[in-house]
Amino acid sequence: MSVDVVTFGCRLNAFESEVMRGEAARAGLSDTIIINSCAVTNEAVAQARQSIRKLKRERPSARIVVTGCAAQTQAEMFAGMPEVDRVLGNDDKMQADAWQRARTALFGAAALDIAASRKIAVSDVMSLRQIAPPRMEVLPKGQPRVFVQVQNGCDHRCTFCIIPFGRGNSRSVPVEAALAQVRALVERGHPEIVLTGVDLTSYGADLPEAPKLGQLVKQILREVPELKRLRISSVDSIEVDRDLLDAIATDERLMPHLHLSLQSGDDLILKRMKRRHSRQQAIEFCAEVQRLRPDMALGADIIAGFPTETEAMFARSMDLIDACRLTFLHVFPYSPRPGTPASRMPQVESRMIKERARRLRDAGEAALRRRLESEIGATRQVLVESATQGRTEHFLPVAVHGEMPGEVRRFAIRGSDGARLIV
């Protein structure tokens, strides 16, 4: 009779799933499945729908609540599914009172055979101007790595992206509120904290005095000396400020791992995407952070088969793996999202998109294997995540045995199995 959460998509969704699990339980829900959906591709939406049908077959008595970006942008579609009992918006899902109302709607006297339109509880995210920090008491204890949301939404309008319409405009958590969350989590014994957001490097633009992400990072490291490890999720290289670069260069508690929103290695495709960086700027940024922190591990998002992409343009995205010395690759086969400008551009054949995505993934796996092999003989500080796996400072997976989750242990790297380091 539990509250279970199935999460699709980004790290921010993963953080929000933990908040929802706690709020739903505190509101008294039981035998409920929450689907935290993603809208970044058509495939992600289809996976959510398939999961809903499968879970309802397996647990016919369970109530199913759908939320997340796809629920925000396609509420009527999910409400029309007979398996779905409630559709919650992306902001609503973070509110305690929304879960109280959901309990009444799901388990009250009028809960059966509710009309599709009455299933929907989705507010207007475009009107939001603030983020309410979550209550610490709803977050689970004992996890080695936890997320702190410091930003949400996006003011940019990349031509392929529907996420601003699922998340709203950019808004930031004030510095003191973010610091309070970090302190509370450190006091609860979490050794590693990850700062997360939709467009993280736009942090602070909407706040008084417009603090930058680098200022927030430096303040956390200075004012919470008990914090063992601080990590940053996905960043936009063109927005990275000097304070953040300085922190990367000077503070070992800021982990040497960045994930970049690069999307393509071809300048014309970047312009058609409405990205704000060029290929050369991406390469120069990667070279700069690797100069400041020579052991820096870099990951990147790359889209395969964006409209009008030729084989030569795609080759420049492939080249970016070596040019930027990337370790991790997150590959998105291009998917036309309704209402976006890119959906109206000349499309690449779907067969070709899949083939290019496969080639990118293969190249990414080869890059990761090379990095793993280069670690053999090194000594690394490993955060133990479970009885069988940990992560180095560079986010490289490590096979461990019999260690206590939550500990940061120093290990000599003896080998690699091609997917993980061996100690």
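Analyst: Happy to; below, each label is set against the value behind it, bearing in mind that this is a predicted model.

User: Let's start with Asp 31. Why is Asp 31 called buried?

Analyst: Its relative accessible area is 12%. The cut-off for buried is under 20%, so Asp 31 counts as buried. Asp 31 is found in the loop between helix H1 (11–26) and strand E2 (32–37).

User: What is the phi of Asp 31?

Analyst: Asp 31 has a positive phi of about 45°, although it is not a glycine. Most residues other than glycine have a negative phi. Lys 274 also has a positive phi, of about 65°, and is not a glycine.

User: Where does Lys 274 lie, and why does Lys 274 count as exposed?

Analyst: Lys 274 lies in the loop between H10 and H11. Its relative accessibility is 51%, and exposed means over 50%, so the label for Lys 274 is exposed.

User: And Ser 61: what makes Ser 61 partly exposed?

Analyst: Ser 61 has a relative accessibility of 48%. The place of Ser 61 is in the loop between helix H2 (42–58) and strand E3 (63–68).

User: How do you know that the side chain of Ser 61 makes a polar contact with the side chain of Asp 31?

Analyst: The two side chains are 3.0 Å apart in that contact, and the limit for such a pair of N or O atoms is within 3.5 Å; the pair therefore qualifies as a polar contact. In sequence, Ser 61 and Asp 31 are 30 residues apart, while their C-alpha atoms are 7.5 Å apart in space.

User: Why is Gln 130 called exposed?

Analyst: Gln 130 has a relative accessible area of 65%; with the cut-off at over 50%, Gln 130 is therefore exposed. It lies in the loop between strand E5 (120–121) and E6. From Gln 130 to Arg 188 there are 58 residues in sequence and 26 Å in space, C-alpha to C-alpha.

User: Moving to the strands, what makes E9 mostly covered?

Analyst: Five of the five residues of strand E9 (residues 192–196) are buried. Glu 192, Val 194 and Thr 196 point one way, and Ile 193 and Leu 195 point the other way. In a regular strand the side chains alternate between the two faces of the sheet.

User: How do you know that E9 and E10 pair?

Analyst: Two strands pair if there are at least two bridges between them. E9 and strand E10 (residues 229–232) have four bridges, in the parallel sense, so they count as paired. Val 194 stands opposite Arg 231 in E10, and the bridge partner of Leu 195 is Ile 232. The chain crosses from E9 through helix H8 (residues 213–223) to E10, in a right-handed β-α-β crossover. E9 is also joined by five bridges to strand E6 (residues 145–149), running parallel, with Gln 149 opposite Thr 196.

User: What makes E14 and E15 a pair?

Analyst: Strand E14 (residues 379–384) and strand E15 (residues 389–391) share two bridges in the antiparallel sense. At least two are needed, so the pair qualifies. Val 384 stands opposite Gly 390 in E15. Both strands belong to an open sheet of six strands with mixed pairing, in the order E17-E14-E15-E16-E19-E18.

User: Why are E17 and E18 called edge strands?

Analyst: Strand E17 (408–412) and strand E18 (415–416) each pair on one side only.

User: How does the span of H11 compare with what is expected?

Analyst: Helix H11 (residues 279–292) has 14 residues and reaches 20 Å from its first C-alpha to its last, close to the 20 Å expected at 1.5 Å a residue. Its buried residues include Ala 282, Ile 283, Phe 285 and Cys 286. Among the elements covering them are helix H9 (242–250), strand E11 (257–263) and helix H12 (311–323).

User: Finally, which residues have the most contacts inside the largest nonpolar core?

Analyst: That core has 65 residues, and those with the most contacts inside it are Ile 193, Leu 195, Leu 216, Val 217, Leu 230, Leu 254 and Leu 258. A second, separate core of 24 residues includes Ala 39, Val 45, Ala 62 and Val 84.

Conventions. Residues numbered from 1 in each chain as written. Predicted model: local features only at pLDDT ≥ 70, side-chain atom pairs only at ≥ 80, totals over all residues. Heavy atoms only, no water. Buried < 20%, exposed > 50% of the residue type's maximum accessible area, 1.4 Å probe, protein only. Polar contact = N/O pair within 3.5 Å; in protein donor to acceptor, adjacent residues only side chain to side chain. Core = buried A, V, L, I, M, F, W, Y, C linked by side-chain atoms within 4.5 Å. Expected span 1.5 Å × (residues − 1). Contact = heavy atoms within 4.5 Å. Right-handed = clockwise from strand over helix to strand, strands pointing away.
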